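Okay, thanks for making time, everyone. Let me put the sequence and the model up, and then I'll talk you through what I picked out.

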Amino acid sequence: EINSMADFFSFFSSNIETPSSTAHEIDCLTANIVKSHRETCQYRVEELQALRWKVFSREEVLAYQSKSVEEMWQRCAYRLTDSIQYVVEFAKRIDGFLELSQNDQIVLLKGGSLEVVLVRMCRSFNPDNGTVFFEGKFGGTEIFKSLGCNDLIASIFEFSQSLCALHLSEQEVALFTAVVLLNPERACLQEKEKVARLHSHVDVTFKNTLQRSHRDTVLSKLSQKTLQLKSLCSLHIDRLRLFLELRPLLAHSLFPPLYHELFT
Ligand code: MHQ
């Protein structure tokens with residue numbers, strides 16, 4: 001289990017050659033990223049779709065709504081951190097990621113892991129009734145009422161709804177999340193050029209697969225999504241700050257260490 005960035009580096013391994021852009025290498029990179037996604041996506045998408053009938057009852061919704069704001073923040077932070085650990089594992093399995101400096105790996109994960117979780121959320125989201133898979137069943141925004149940040153929750157759900165409308169395949173989710181993660185524009189990268197090279201390989205691969213499946217139109221819509229992701233993450237940080245300012249003593253005991261390290 002990974003509780004901090006230090007734990008993460010004790011897993012250190014692997015040595016991968018620099019990729020170049022022949023057709024064969026594009027296929028290899030696609031296969032590598034799709035496999036990495038499949039191995040680290042927490043739930044299979046067919047599994048999630050088969051569970052859609054399991055919706056929280058009126059009583060269960062009321063039980064969530066009567067929880068204290070602290071308990072609800074803690075639960076959500078634990079669930080988020082859990083899924084972020086899978087994203088860390090996803091990153092490590094992408095060819096070339098472990099060849100970056102430790103600093104740059106951390107910078108990319110700090111800046112991108114929540115964005116990847118929010119993209120992955122569309123797999124756990126049922127757009128027919130606006131519910132998400134949370135603690136074993138599907139629930140709507142009302143489940144999260146006691147967090148006291150309805151604007152954040154509404155924006156996250158709207159984002160998932162709009163991403164679902166693009167009907168991304170598992171391959172597209174895999175490649176898009178890799179593109180999001182390997183963003184060379186993150187502040188404080190030491191070897192920006194190296195990240196940019198890796199990013200462009202994945203980006204070329206992604207564009208290539210979209211073209212091959214005649215899905216070029218998806219591309220322009222996804223660049224909007226990238227901007228929305230950025231504002232969702234800063235809204236999350238804002239709401240977290242607000243929550244912590246009111247409870248300075250509680251903060252440290254409430255959240256998992258990795259959540260703390262990433263967002264406070
Ligand atoms: C992943 C599985 C997964 C796990 C957790 C205020 C705050 C701290 C958070 C899910 C916002 C509340 C999250 C738990 C809420 C929007 C968060 C809490 C895909 C994503 C998913 C479903 C997360 C989606 C966002 C949730 C519901 O594989």
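**A walk through the model**

So, let's begin with Val-204, which sits in helix 9, residues 192-212. Helices here are DSSP runs of H or I with at least four residues, strands are E runs of at least two, and both are numbered from the N terminus. Quick housekeeping: this is a predicted model, so local features need pLDDT of at least 70, side-chain atom pairs count only at pLDDT 80 or more, and totals for chains, interfaces and linings use all residues. Residues are numbered from 1 along each chain as its sequence is written, and side-chain values use heavy atoms, with hydrogens and water left out.

Back to Val-204: its relative accessible area is 37%, so we call it partly exposed. The cut-offs are under 20% for buried, over 50% for exposed and partly exposed in between, with a 1.4 Å probe and protein chains only.

Glu-261 and Lys-110 are 151 residues apart along the chain, and their C-alpha atoms are separated by 8.7 Å. Glu-261 has 30% relative accessibility, so that one is partly exposed.

Now the ligand. There are 18 residues around it, and those that come nearest are Gln-42, Leu-80, Met-121, Ile-153 and Tyr-259; a residue is near if one of its heavy atoms lies within 4 Å. Of the ligand's 610 Å² of accessible area on its own, the protein covers 97%. Those areas are Shrake-Rupley with a 1.4 Å probe, and for residues only the protein chains shown count as cover.

What is the shell made of, by class? We have 13 nonpolar residues, three polar and two charged. For the classes, Ala, Val, Leu, Ile, Met, Phe, Trp, Tyr, Cys and Pro are nonpolar, Asp, Glu, Lys and Arg are charged, and the others, Gly among them, are polar. Helix 5 (69-93), helix 6 (102-120), strand 2 (131-134) and helix 7 (150-164) each give at least two shell residues, and helix 5 has the largest share with five.

Let me pick on Gln-42. An N or O atom in its side chain is 3.2 Å from an oxygen atom of the ligand. Gln-42 is in the loop between helix 2 (23-40) and helix 3 (45-50), and it isn't a glycine, yet phi is positive, about 75°. There's another one like that: Glu-135, a residue other than glycine with phi near 50°, in the loop between strand 2 and strand 3 (137-139).

Last stop, Asn-126 in strand 1, residues 125-126. At 5% relative accessibility, Asn-126 is buried. Its side chain reaches the backbone nitrogen of Asp-128 at 3.0 Å, and a polar contact of 3.3 Å links it to the side chain of Asn-129. Polar contact here means a pair of N or O atoms within 3.5 Å; within protein, one must be able to donate a hydrogen and the other to accept it, and residues adjacent in sequence count only if both atoms are side-chain atoms.
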